[in-house]
Amino acid sequence: MRQRILGIILSALLCCVQAYAADSTAAPVPTPLTEKSPTTAVLWSLALPGLGQYYTESYWKIPLFTGGALASAWLIVDNHAKYQDADAAYLAALDGNASSAEIARRLRVREAYRDNRDVAGLALVATYLIAAV
């Protein structure tokens, strides 16, 4: 019984090896006449995220990278404008008769907008790097 099971296992392995050997001797797949340059794709992606994907014909990725870059840029601009407003309110509270609790609250609001702006900047950089790779 052991010899029969061993014979079945060896036969299966031999078939697998023969199938692998047959695949390795197959004719090579012809390459297209015009190949896309990875350097050109990276340069296009660094110009605007999504252009490199257009160049390499990965069309479904274009809205992901372009949308991510546009959303990040909008968040940077929006949070910077809110930061400037919050900074003006904080400075007015420092000059006025505001309580220390109100000054601390305005400082937290100002710093939150600054942090959100910085995170959006990191997201924009990450979008550019991921699109280029």
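Reader: Thanks! What ground rules apply here?
Author: This is a predicted model, where local features need pLDDT of at least 70 and side-chain atom pairs count only at pLDDT 80 or more, while totals for chains, interfaces and linings use all residues. Residues are numbered from 1 along each chain as its sequence is written, and side-chain values use heavy atoms, with hydrogens and water left out.

Reader: How many helices and strands are there?
Helices (H or I, at least four residues) and strands (E, at least two) are DSSP runs, numbered from the N terminus.

Reader: And what share of the residues count as buried?
Author: Of the 133 residues, 19% count as buried. Buried means under 20% relative accessible area, exposed over 50%, and partly exposed in between, with a 1.4 Å probe and protein chains only. The protein exposes about 9900 Å², and carbon and sulfur atoms supply 67% of that; the areas come from the Shrake-Rupley method with a 1.4 Å probe, and for residues only the protein chains shown count as cover.

Reader: Let's look at α5. Which of its residues are buried?
Author: Among them are Ile103, Arg110, Glu111, Arg117, Ala120 and Leu124. The cover over the buried residues of α5 includes α2, α3 and α4.

Reader: How far apart are the end C-alpha atoms of α5?
Author: They are 48 Å apart, which agrees with the 48 Å that its 33 residues should span at 1.5 Å a residue. The expected span is 1.5 Å times one less than the number of residues.

Reader: Switching to charges: how many salt bridges does the count come to?
Author: Nine, where a salt bridge is a side-chain nitrogen of Lys or Arg within 4 Å of a carboxyl oxygen of Asp or Glu. One of them joins Glu57 and Lys36, at 3.6 Å from N to O. That pair links distant parts of the chain, 21 residues apart: Glu57 sits in the loop between α3 (51–55) and α4 (62–95), and Lys36 in the loop between α1 (2–24) and α2 (38–47).

Reader: Nice. Now Gln53, where is it found?
Author: Gln53 is in helix α3 and counts as buried, at 8% relative accessibility. Leaving aside neighbours within four places in sequence, Gln53 is in contact with residues including Tyr59, Phe65 and Ala131.

Reader: Last one: which residues make the nonpolar surface patch?
Author: Val42, Leu43 and Leu46 make a patch of about 250 Å². Patches are made of residues with over 30% relative accessible area and no salt bridge; like charges are joined within 9 Å, and nonpolar side chains (Val, Leu, Ile, Met, Phe, Trp, Tyr) within 5 Å. Leu43 lies in α2 and counts as exposed, at 54% relative accessibility.

Conventions:
Contact means heavy atoms within 4.5 Å.
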